[in-house]
Amino acid sequence: SRFFYQFLDTAGNILSGKSFASSSTTSTERCDIKEYNKRYYIVIGNEMIKLDSTGNVILRKRIGNGISDLTNIHFISGSKMILTGTSNEIMSVSSRYDITQVCIDTSGTVSWIKIFGNELSEVEYESYDYGDHIFTIFQYTGNYSNPQFFILKTDTLGNQVWCKGMNGTFS
């Protein structure tokens with residue numbers, strides 16, 4: 001699949017833009033881009049892509065065998081970041097997914113990968129970082145007629161602090 005991005009100024013004028021093929025093995029519709037030390041970091045599918053200040057690719061890192069949809073970047077300290085998303089890393093069954101967190105540095109070195117979930121599927125909606133914790137909102141998809149939503153709180157080492165559930169629908 002092809003990936004396209006543009007850099008805009010504060011008035012919305014296009015400064016530069018590029019298109020390139022993603023080597024991700026998945027078909028994702030979501031991605032994230034963050035700036036750190038005049039470099040830009042993109043997650044799409046199972047790839048982390050590092051760009052220089054003019055948009056040239058300087059690093060592409062494929063992460064994990066079963067990670068299918070990394071969708072958020074959270075810088076936590078120094079050059080370390082946590083990428084969050086959904087994967088089928090534990091079981092190679094395409095219909096079962098779990099919440100995934102990956103700790104990686106800006107040079108592409110993976111420190112750890114943490115998987116959260118149970119015997120059925122969980123799909124991430126969004127994650128947020130507040131100080132020294134990551135909050136991930138996800139849906140347990142065991143029963144589509146009665147979905148359950150959860151908020152998972154983890155520390156910056158990927159350890160679960162708590163997970164709270166609620167019934168109903170997101171709107």
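How many salt bridges does the count come to? The count comes to 2 salt bridges in this predicted model. The views below take up each pair, then the sheet and a loop.

**View 1. Lys34 and Asp32 meet in a salt bridge.** The two side chains come to 3.0 Å, N to O. Lys34 is partly exposed, at a relative accessible area of 30%. Asp32 is buried, with a value of 14%. The cut-off for buried is under 20% relative accessible area.

**View 2. Arg60 and Glu47 form a salt bridge between two strands.** Their side chains meet at 3.2 Å, N to O. Arg60 lies in strand S6, residues 57–62. Glu47 lies in strand S5, residues 47–51. The pair therefore ties together parts that are 13 residues apart in sequence. Arg60 is partly exposed, with a relative accessible area of 34%. Glu47 is buried, at 1%.

**View 3. Strands S5 and S6 pair in the antiparallel sense.** The pairing runs over 5 bridges. Leu51 has Val57 of S6 as its bridge partner. The Arg60–Glu47 salt bridge joins side chains from these two strands.

**View 4. An open sheet is formed by 4 strands.** The order is S3-S4-S5-S6, and the pairing is antiparallel. Strands S3 (31–36) and S6 stand at the edges. Each has a single partner strand, so one side of each is left without a neighbour in the sheet. Neighbouring strands are turned by 15° against each other on average, direction ignored. Strands of a sheet pair through backbone hydrogen bonds.

**View 5. Asn37 has a positive phi in the loop between S3 and S4.** Its phi is about 50°, although Asn37 is not a glycine. Most residues other than glycine have a negative phi. Asn37 counts as exposed, at 59% relative accessibility.

**View 6. Lys38 also has a positive phi.** The value is near 60°, in a residue other than glycine. Lys38 is found in the loop between S3 and S4. Is Lys38 buried or exposed? At 61% relative accessibility, Lys38 counts as exposed, because the cut-off for exposed is over 50%.

Notes: Residues numbered from 1 in each chain as written. Predicted model: local features only at pLDDT ≥ 70, side-chain atom pairs only at ≥ 80, totals over all residues. Heavy atoms only, no water. Salt bridge = Lys/Arg side-chain N within 4 Å of Asp/Glu carboxyl O. Buried < 20%, exposed > 50% of the residue type's maximum accessible area, 1.4 Å probe, protein only. Pairing = 2+ DSSP bridges. Axes fitted to C-alpha atoms, helices over the stretch in contact; angles between N-to-C directions.
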